[in-house]
Amino acid sequence: MGMFALKTQLPAYLRDEQARIEEFAKQFGLDYFPTVFEVLSYDQMNEIAAYGGFPTRYPHWRFGMEYEQLSKSHEYGLSKIYEMVINNNPSIAYLLEGNSMVDQKLVMCHVLGHVDFFKNNFAFSVTDQGRDPKDGGSVRKWVDTMANHGAVVRRWSRRVGIERVEELIDHCLSLENLIDPQQPFAPVKEPIGPLASLADEDETPEEPSLLRVERDYMESFINPEEFVQAQKQQLAEEQEQAKRFPDAPVRDVLGFLVENAPLDAWERDVLSVVRREAYYFLPQMQTKIMNEGWASYWHSKLMTERVADGSEILDYADRNAGVMQVSGGRLNPYKLGVELMRYVEDRWNKGKFGKEWEDCDDYDSRRAWDRRTGLGREKIFQVRKLYTDVTFIDEFLTPDFVRDNKMYAFGYNPRNDRWEIETRQFQEVKQKLLFQLTNAGNPIIRVLDANHGNRGELLLEHDHQGIDLRLDWVREVLAAVHRIWKRPVEVHTIVGKRPTSLRFDGRDHSDKPR
Amino acid sequence: MSLKIDQDHSRFRAIVRGKIRQNLRRYVSQGELMGKQGKEVVSIPIPQIDIPRFRFQDKEMGGVGQGEGDPGDPLSQPGQEGEGEGKKAGEGEGDHVLEVDVTLDELADILGEELELPNIDTRGKATIVDKKDRYVGIRNVGPNSLRHFKRTYKTALKRQIALGSYDGRRPVIVPTRDDLRFRSWRTDQEPVANAVIIYMMDVSGSMGDEQKEIVRIESFWIDAWLRRQYEGIETRFIIHDAVAREVDRDTFFRTRESGGTMISSAYKICSQMIEDEYPASEWNIYPFHFSDGDNWSVDDTLLCVELLKEKIIPASNMFCYGQVESPYGSGQFIKDLREHFGGEESLITSEIRDRDAIIGSIRDFLGKGK
């Protein structure tokens, strides 16, 4: 951080403004980490944005690609990065040099909303790196952690060559989304004892359990051949089951590979780095709508009620409208988030909840419903603490909201070769939205067997929920898994309603029905 | 300020280079680069480099949107998902195109690598020398017009501080004669290699649009390569049917005449041009001639051969003849040339059947390293 801390110190007038805004934010009950604002020129901004907000990351070409795209769209005037804030304690946020005062104020307000969310939303607790012994606050030194990751990868690059490291990172990134969102909350695993299947390896093979026969000549009558075969098969299956490793399917594929794949030290380090960062970014994927909604709710409240003066309010409104804009019928997480947040606040302010409300189906009385409960603010603070996008949408998206906000579900129509609005039915819209949010929009993949076919091959399964995988990419990902597992890999999925097994043995891809 | 991203950026550029190289044949045969040519750079569309992941098929997935419209209405922009359903922008869409700016020099290098073109052995390098003055240092004497104010000031300041005559409250610095510093220069001798490309093209009725397009694409690459090899390069354009004239680049590719074909007319102008403006001792001369191979008469062909033998070939680094196949041309001329110049190394002929043959033809022409 040194370099930036020196050159990018906040000028006094912005520092005063920050203090003023923070005072207002505290009055409203926002509870955030200390926040450091830095002022960057646009190319510094593009660089940091390319690195996902961090001043230092491990070296990889995709950051360069990101940078190229950002600088280009900046040069062409297509886009401008307004705000960027990273989940760290203290949080670091960036202001663009040369922005107008209104913009800077707006960004500061917005950022404080994000930082409050980082600090309080439970999903972000997985990014805690410990507790501060003095005040018990969260330790989140991710700026340092990312820089350390960079140092680790650079060191290995010098030892084994940047090409090899980068090639491995390419492959690891293909697996980046194979992590388990629940894993950070799982109880601590019991220490692993010796595996049962290894213990009785040398013992005499078990006999299939047959019925007791008193007289030899009765043998074929009591234990007919078919029965013997069936028992034998059952025994074989049981033994197979006992031998299976992992004993239950594992969703944290990356973690499984880190622990069990035959990797060199440098390979294991690189894979671990990619996995840790994937877990760091996960909560942001899980709370995009809520997080942006919450920050927008607060920038709007702070700006209109406290911060902006009369001469600025029009500029603010213009800028805000740009942020909230829904273009081309696509969902805008800022817009959806803030609307839903306000909707929840309004419902709890007017007492539109509980059994009485649920049971009321008279249109007029529902509209005029106001019990003056005034619980709105309290409710949304609770929501920001306990929900993620999936539960937020699942619980608070209502037919009224979908209708008022003109939401629809769209899909591809192969007959017309175009994307079309499919329906405005509440259930379908909601279901589609939830599907996209579940597991941050990623398919659920598990490790089923690490000794598939007793040949040390890796078997993955795709938990098919009605939508097929993109097949050309599946093949490339399998190749990436093979690079790490170093033995043939296979994934069980469904292709066009047929259970299929896709396999890569190091040279060739093959598909076969299962 | 150098940025940390520079290293990653240059790694990315290297990957892009590799991609361009992979797709070079397609870029060449489709000629899609020239439309995007700026002064120094070309924008090249390359498929976005995505990191493959386990993902759902977009078309089955669909999405949720917001706005007007009834079920069955098309979305305004097809093929994109709703933003922000927990996804990073740009993820999950495979067919995005990345436009990358590449300089013409880089492009020429890529062409050179891919076709394994040798660097050109230039002629006349030793004979022409250009003198260039460069400011390289500081000295204590010199004309006032070259006085280095900052350095002078610094020296004076140092001296005054050392002598104790510097007063912080009244910081007046008075340089003495010894404090004066001047810029000094060095004269470098730079050999220059001058080169000229003379393009000649048959624009008679039998050369169609497609044939001209092939010539245009091929000349773009020849230009790029030779420009990379020479510091300053000139290009001249001659069109001919039964008569020839010099034109500018634009006219060269646009003109279409209907008359007959006398190749010698172009060769005459070309040899005249060389004689008048480009003395062979000082210039690297590259005449290129493109035609469909039809010539008016045997006599004219003989005249051409004579012009080539006597005037053009002795003066040129190499003479290149590209014969574009057209449905109307007989394609005789290339045979005549090959017959007369069987063992001549400085005359290169190449037949260009269609666009896919362009790249091979470039290699024929430039592969000799002359």
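The model is a predicted one, in which local features need pLDDT of at least 70 and side-chain atom pairs count only at pLDDT 80 or more, while totals for chains, interfaces and linings use all residues. Residues are numbered from 1 along each chain as its sequence is written, with chains lettered from A and ligands numbered from 1 in the order in which they are written.

Start with the meeting of the two chains. Chain A brings 65 residues to the contact and chain B brings 44 residues; two residues are in contact if their C-beta atoms, placed from the backbone, lie within 7 Å. On the chain A side, helix 4 (residues 61-75) gives the most, with seven residues. Helices (H or I, at least four residues) and strands (E, at least two) are DSSP runs, numbered from the N terminus.

Three strands form an open sheet in the order 5(A)-4(A)-2(B), with antiparallel pairing; two strands pair if DSSP finds at least two bridges between them. Its edges are strand 5 (418-423) of chain A and strand 2 of chain B, each pairing on one side only. Between strand 4 (residues 407-413) of chain A and strand 2 (residues 63-66) of chain B there are four bridges, and A:Tyr408 has B:Gly65 as its bridge partner. Within chain A, strand 4 is joined to strand 5 by five bridges, again antiparallel, and A:Asn413 is partnered by A:Arg418. Helix 21 (residues 426-437) of chain A packs on this sheet, touching strand 4 and strand 5 of chain A as well as strand 2 of chain B. The helix direction makes about 120° with that of strand 2 of chain B, where axes are lines fitted to C-alpha atoms, for helices over the stretch in contact, and angles run from 0 to 180 degrees between N-to-C directions.

Now for strand 6 (residues 194-202) of chain B. Nine of its nine residues are buried, so this strand is largely enclosed by the rest of the structure; buried means that 20 or more other C-beta atoms lie within 10 Å of a residue's own, with C-beta atoms placed from the backbone. Both faces are covered, with B:Val196 and B:Ile198 among the buried residues on one side and B:Ile197 and B:Tyr199 among those on the other. B:Met201 stands opposite B:Ile239 in strand 7 and opposite B:Phe290 in strand 9.

How values were computed:
A residue is buried if 20 or more other C-beta atoms lie within 10 Å of its own, exposed if 12 or fewer, and partly exposed in between; C-beta atoms are placed from the backbone.
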